[in-house]
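The sequence and structure are shown first, and the description follows.

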Amino acid sequence: MRSWSMVVVALLAGCLPTESETPLSDTDTDTDSDTDTDTDLSPQEQVCERWNALESWEGDWTGSTSECDAGDVLDPGRQNALDAINFYRWLVDEPEATLDDTRNATAQECALMMDANGSLSHNPPSSWACYTADGAGAAAQSNIATTPGVAAVHLYMVDPGNETTLGHRRWILNPRTGPVGVGSTDAYSCLHVIGGSNTGDNSWTAFPPPGFMPMEAYSIGWSSYDATGWSIQSSSMDLSNGEVTVTEDGAEVDVAVATLAGGYGSSSAIKITPQGWAAQQDAVYRVVVGGLPNPIDYEFTLIGCE
């Protein structure tokens, strides 16, 4: 993967949209961002192949804040953001998201508004510079960030500053997320994630995921999953009473478990945060969540992909 960590220099919004703010839609799209994977490769090699194929180029922005021109993101910036989204969805075995032209356009107006006002808001007032109703509507349905669109996807996944919800991550991994809209300027972006009609049916989704994850994706600049926490989310199971045990290469390790606010890409979610230790490359982590009608039990390993 091309280097993008140096451009991630800003924080995300602390407030996130919840699913209750908008009804689900039946929007369809024929845009396909599928990335072929050589099935002759081992699972570890497949993960690294897809990770290393990701591109960091944001694409040139054609708009202007001084003229309140939302412009557009030239190829391949928007596709690079979608590829990053679908890499993470592939890791958790959820169907790929696609792009929708209408959502791209309103997300672009959303990104212009954030940039023109030098601020982030899911409910921008009509007094804002470059305000449009379409842009404000997209803001209420989007992950928003003070970085361009491609870098924002990776930052959303780690989700620093949102430890009570991990909502950005949960929306990206939501089985129903997609089609999406990507809007970006040189410095701000909006990712329209609410109102999806995708067909994923996993009863639970964990991140880091069962199987393998690139060690290079585990830390983003100043933060990592050690700090923000691992997550398990579900819209069919109540995880709040789960009894969590984590082992590293068979030895139990200390973790803090917290229930996350509902409605952010899933009705129920918990986070699991290492206490006094950091996840290591090539170690095997087993996560067991008991005390549930259907206990959760999986293993993952962080692998080097350089």
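Aspartate 93 follows helix α2 and has a positive phi, near 60 degrees. Helices (H or I, at least four residues) and strands (E, at least two) are DSSP runs, numbered from the N terminus. The model is a predicted one, in which local features need pLDDT of at least 70 and side-chain atom pairs count only at pLDDT 80 or more, while totals for chains, interfaces and linings use all residues. Residues are numbered from 1 along each chain as its sequence is written, and side-chain values use heavy atoms, with hydrogens and water left out.

**Overall composition**

The secondary structure comprises seven helices and 14 strands. Of the 306 residues in the protein, 56% are buried; buried means under 20% relative accessible area, exposed over 50%, and partly exposed in between (1.4 Å probe, protein chains only). Among contacts with a separation of 6 or more, 72% are between residues 24 or more positions apart, where contact means heavy atoms within 4.5 Å.

Two packed helices are described by the angle between their axes and the distance between the axes. For α2 (residues 77-91) and α5 (residues 149-158), the angle is about 20 degrees and the axes are 8 Å apart. The two helices are therefore roughly parallel. Axes here are lines fitted to C-alpha atoms, for helices over the stretch in contact, and angles run from 0 to 180 degrees between N-to-C directions. Angles under 35 degrees count as roughly parallel, over 145 as roughly antiparallel, 65 to 115 as roughly perpendicular and the rest as oblique.

From α2, the residues Gly77, Asn80, Ala81, Ala84, Ile85 and Tyr88 make the contact, and from α5, Gly149, Val150, Val153, His154 and Met157. Seven of these contact residues are nonpolar, four are polar and none is charged. In this classification Ala, Val, Leu, Ile, Met, Phe, Trp, Tyr, Cys and Pro count as nonpolar, Asp, Glu, Lys and Arg as charged, and the others, Gly among them, as polar.

Phenylalanine 87 also belongs to helix α2. Its relative accessibility is 1%, so phenylalanine 87 counts as buried. Not counting residues up to four places away in sequence, phenylalanine 87 touches Val47, Arg50, Trp51, Leu54 and Pro214. Leucine 54 lies 33 residues from phenylalanine 87 in sequence and 8.3 Å from it in space, C-alpha to C-alpha.

**Backbone features in the loops**

| Cis peptide bond | Omega |
|---|---|
| Aspartate 75 to proline 76 | near 5 degrees |
| Glycine 178 to proline 179 | about 5 degrees |

Proline 76 is located in the loop between α1 (43-53) and α2, and proline 179 in the loop between α6 (167-173) and β2 (181-184).

Cysteine 68 has a positive phi, near 50 degrees, in a residue other than glycine. Cysteine 68 lies in the loop between α1 and α2 and, at 42% relative accessibility, counts as partly exposed. Cysteine 130 has a positive phi near 65 degrees and is placed in the loop between α3 (101-117) and α4 (133-139). At 12% relative accessibility, cysteine 130 counts as buried.
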